[in-house]
Amino acid sequence: MATTNEEIYEKVKEALIDALALDDDEVTPGATMVGDLGAESIDFLDIVFRLEKGFGIEIPRAELFPEDILQSADFVEDGKVTADGISELKKRMPFVDFSRFEENPAVQDFGQLLTVQDLCRYIESKVG
Amino acid sequence: MRWFWIDRFEEFIHGVRACAIKNVALAEDYLDELSPGHPFLPASLIVEGLAQTGGLLVAQYNGYQERVVLAKITRAKFHSVACPGDTIRYETTLDDIRNDGALVTGRGTVGDRPLVDLELMFAHLDERIADHDLFVPADFLRMLRILKLYDVGRHPDGSPLEIEPHLLEAEAAAMGLGSPQTNL
């Protein structure tokens with residue numbers, strides 16, 4: 001039985017509520033993980049655990065946290081991701097909308113990008 | 001600095017469950033400092049006891065090749081306090097273990113009385129954090145011997161748990177012995 005997008009959203013929401021001690025109505029598709037939901041780096045390990053277990057999938061770290069791109073001299077200049085770097089990010093993470101980030105691609109702001117909907121789209125690509 | 005918050009393992013099943021006891025004693029300095037005249041074991045040290053019990057269960061699973069640290073207390077509920085003279089039994093169950101870390105459920109009791117229920121998340125440190133061991137291997141094995149881990153340690157099929165060769169070798173080297181000794 002294939003998992004519908006609705007089912008994926010509900011499971012992702014549940015994982016976030018458990019990991020971040022949130023109320024039910026705090027999780028919305030457009031909410032950013034770091035800015036709106038208050039996720040810290042250790043919370044991402046917790047979230048990844050719960051998602052891997054909940055969906056029976058493996059989530060390689062580099063697919064959600066592209067540190068190799070963000071820390072590479074080939075793709076970052078003066079704290080900003082280069083055009084090549086953005087191209088790499090888009091290839092690595094097709095489930096993320098980078099249009100806002102492209103306006104000012106500061107490495108330190110990257111963490112603020114990921115939304116609940118992005119996470120759902122990522123899961124859909126793994127289980128679909 | 002000594003930082004033992006469990007006294008002895010009572011049960012240790014590889015990859016499944018570990019139980020240890022901690023005796024709360026008036027001789028321990030911090031007991032009275034937190035609440036003068038009303039000594040009790042602080043909640044943080046109860047968490048540490050469960051973290052040590054569960055953390056060794058997680059670490060032993062991969063033969064102590066991973067550097068295991070307590071990363072997050074995902075859930076904790078305290079039901080009562082532990083006072084001098086109490087023997088706390090810490091029971092931990094390995095719920096999930098993956099490359100990046102593990103999830104452990106822990107429970108503390110004093111006799112029939114519930115003390116605490118919690119869930120702990122452990123992380124496996126990778127080389128981005130640091131590339132050295134967290135413990136000196138020979139000292140680490142001495143600690144495991146003191147805690148009687150290998151006296152009670154078993155595989156799920158009941159066969160005895162063996163001491164990891166790299167720990168035995170480090171111990172033999174530290175003591176200037178010709179070869180590793182299982183029973184010391």
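**Helix 1 of chain A and its surroundings**

Reply: Let's begin with the inward-facing residues: in helix 1 of chain A, I8(A), V12(A), A15(A), L16(A) and A19(A) are buried. Looking down the axis of this helix, the buried residues fall within an arc of 95°, so they line one face of the helix. The face turned away from that buried side carries the exposed residues E6(A) and E10(A). As for partners, the buried residues of helix 1 of chain A pack against helix 2 (41-55) and helix 7 (116-127) of chain A.

Please keep in mind that this is a predicted model. Chain A has a mean pLDDT of 90, with 98% of its residues at 70 or more. Within chain A, confidence is highest in helix 1 (residues 5-20), at 93, and lowest in helix 3 (residues 61-64), at a mean of 85.

With 16 residues at 1.5 Å a residue, helix 1 of chain A should span 22 Å, and its end C-alpha atoms are 22 Å apart, which agrees.

Next, the end of the helix. Helix 1 of chain A is followed by A21(A), with a positive phi near 50°. A21(A) has this positive phi although it is not a glycine. Most residues other than glycine have a negative phi. A21(A) is found in the loop between helix 1 and helix 2 of chain A, and it counts as exposed because it has 12 C-beta neighbours inside 10 Å.

A31(A) lies in the loop between helix 1 and helix 2 of chain A too. With 15 other C-beta atoms within 10 Å, A31(A) is partly exposed. Setting aside residues up to four places away in sequence, A31(A) touches D36(A), L37(A), T115(A) and V116(A).

Now back to V12(A), from the buried face of the helix. The largest nonpolar core has 67 residues, and V12(A), V58(B), V104(B) and F122(B) touch the most other members. Helix 2 (residues 43-61) of chain B gives the most to this core, with 8 residues. In soluble globular proteins, nonpolar side chains tend to be buried together. As for contacts between the two chains, 6 residues of chain A meet 10 residues of chain B. On the chain A side, these residues divide into 3 nonpolar, no polar and 3 charged.

Beyond residues up to four places away in sequence, F122(B) touches G55(B), V58(B), V68(B), V69(B), L70(B), A71(B), G101(B), A102(B) and V104(B).

Helix 2 of chain B has 19 residues and reaches 27 Å from its first C-alpha to its last, close to the 27 Å expected at 1.5 Å a residue. It is mostly covered, with 14 of its 19 residues buried. Helix 2 of chain B is followed by G63(B), whose phi is positive, near 65°. Y64(B) is in the loop between helix 2 and strand 3 (67-78) of chain B, and its phi is near 60°, a positive value in a residue other than glycine. Y64(B) is buried, with 20 other C-beta atoms within 10 Å, whereas A21(A) counts as exposed.

Elsewhere in chain B, F12(B) is found in strand 1 (residues 8-13). F12(B) is buried, with 25 other C-beta atoms within 10 Å. Its contacts, not counting residues up to four places away in sequence, are A18(B), L149(B), V152(B), G153(B), R154(B) and L161(B). The C-alpha atoms of F12(B) and Q60(B), 48 residues apart along the chain, are separated by 10.0 Å.

After helix 5 of chain B comes G176(B), with a positive phi near 70°.

Note on methods. Residues numbered from 1 in each chain as written. Chains lettered and ligands numbered in written order. Predicted model: local features only at pLDDT ≥ 70, side-chain atom pairs only at ≥ 80, totals over all residues. Helix = DSSP H or I, 4+ residues; strand = E, 2+ residues; numbered from the N terminus. Core = buried A, V, L, I, M, F, W, Y, C linked by C-beta atoms within 7 Å. Contact = placed C-beta atoms within 7 Å. pLDDT = per-residue confidence, 0-100. Nonpolar A, V, L, I, M, F, W, Y, C, P; charged D, E, K, R; others polar. Expected span 1.5 Å × (residues − 1). Arc of directions from axis to C-beta.
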